[in-house]
Amino acid sequence: MAKDLFLFFAFIFSIGLLITALVSIFLKVPYVPTRRKFVEKLITAAKLTKGQKVYDLGCGDGRILFAAEKITGCAGEGYEMAPMVYLLAIIKKILGRKKSKICCKNFFKADGSSADVIFCYLTPEILKKIAEKLMRECKKGTKIITHTFAIKSFTPQNIITDKKNGCPIIYIYKI
Ligand SMILES: C[S@@+](CC[C@H](N)C(=O)[O-])C[C@H]1O[C@@H](n2cnc3c(N)ncnc32)[C@H](O)[C@@H]1O
């Protein structure tokens with residue numbers, strides 16, 4: 001009986017992993033979590049103030065939103081389509097009693113008009129597409145924060161570089 005139950009859950013888990021891998025191929029963005037130390041750097045760079053609305057497009061396990069909520073009290077909204085990663089974010093939200101909303105939805109269908117700060121850790125190709133959408137619908141003054149990859153069509157307001165090698169690591173844009 002216990003063995004059957006184990007096999008059942010192992011099967012469900014494998015199916016979940018397979019679907020997650022297929023969704024990641026379809027989205028053209030794999031799940032690569034931001035390193036924990038780096039999350040704080042991003043939040044400091046965003047200069048969040050209480051009551052601001054924070055978005056993470058492709059929020060993964062929600063770590064940026066949950067850390068922002070813990071440090072600044074800002075409740076955010078995250079979008080994640082890979083099923084197992086979304087499930088992980090939901091588990092973390094429940095266990096951590098977080099207020100931030102996690103949506104299993106394509107961020108291209110999200111409405112960014114009420115966002116004050118938007119975090120994106122995406123590939124240059126997807127950043128290019130999402131930048132056009134953000135430009136159309138975000139209010140003036142909305143900050144877009146990317147790391148590792150820049151939005152080529154935008155001029156950054158500020159670039160934070162790595163102290164060791166001087167390479168750009170965080171890009172801050174303002175609509
Ligand atoms: C590089 S990971 C970053 C995760 C998280 N933001 C972090 O910094 O730890 C990008 C995430 O975006 C998700 N993603 C990619 N395209 C998406 C889309 N169109 N809608 C929702 N999520 C998407 C992927 O499944 C992946 O988990």
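Beyond its neighbours within four places in sequence, E77 is in contact (heavy atoms within 4.5 Å) with K53, V54, Y55, D56, L65, K101 and C103. The model is predicted, and local features were considered at pLDDT of at least 70, side-chain atom pairs only at pLDDT 80 or more, and totals for chains, interfaces and linings over all residues. Residues are numbered from 1 along each chain as its sequence is written, and side-chain values use heavy atoms, with hydrogens and water left out.

E77 belongs to strand 2, which covers residues 76-79; helices (H or I, at least four residues) and strands (E, at least two) are DSSP runs numbered from the N terminus. The relative accessibility of E77 is 9%, so this residue counts as buried. Buried denotes under 20% relative accessible area, exposed over 50%, and partly exposed the range in between, computed with a 1.4 Å probe on protein chains only. The side chain of E77 forms polar contacts with the side chains of K53, at 3.3 Å, and Y79, at 2.5 Å. A polar contact is a pair of N or O atoms within 3.5 Å; within protein, one atom must be able to donate a hydrogen and the other to accept it, and residues adjacent in sequence count only if both atoms are side-chain atoms.

Residues up to four places away in sequence aside, E69 touches C74, A75, K98, K99 and S100. The C-alpha atoms of E69 and S100 are 7.4 Å apart in space, although 31 residues separate the two in sequence.

Helix 1 comprises 26 residues (2-27) and extends 37 Å from its first C-alpha to its last, close to the expected 38 Å; the expected span is 1.5 Å times one less than the number of residues. Within helix 1, G16, T20, V23 and S24 are buried, and the buried residues of this helix pack against helix 4 (83-95). K28, which follows helix 1, has a positive phi near 65°.

The ligand is surrounded by 22 residues, of which T34, G58, E80, N106 and F107 are the closest; a residue is near a molecule or strand if one of its heavy atoms lies within 4 Å of it. A polar backbone atom of G58 is 2.7 Å from a nitrogen atom of the ligand, and a polar side-chain atom of E80 lies 2.6 Å from a ligand oxygen atom. For F107, a backbone N or O atom lies 3.0 Å from a nitrogen atom of the ligand. The ligand taken alone exposes 610 Å², of which the protein buries 98%; accessible areas come from the Shrake-Rupley method with a 1.4 Å probe, and for residues only the protein chains shown count as cover.
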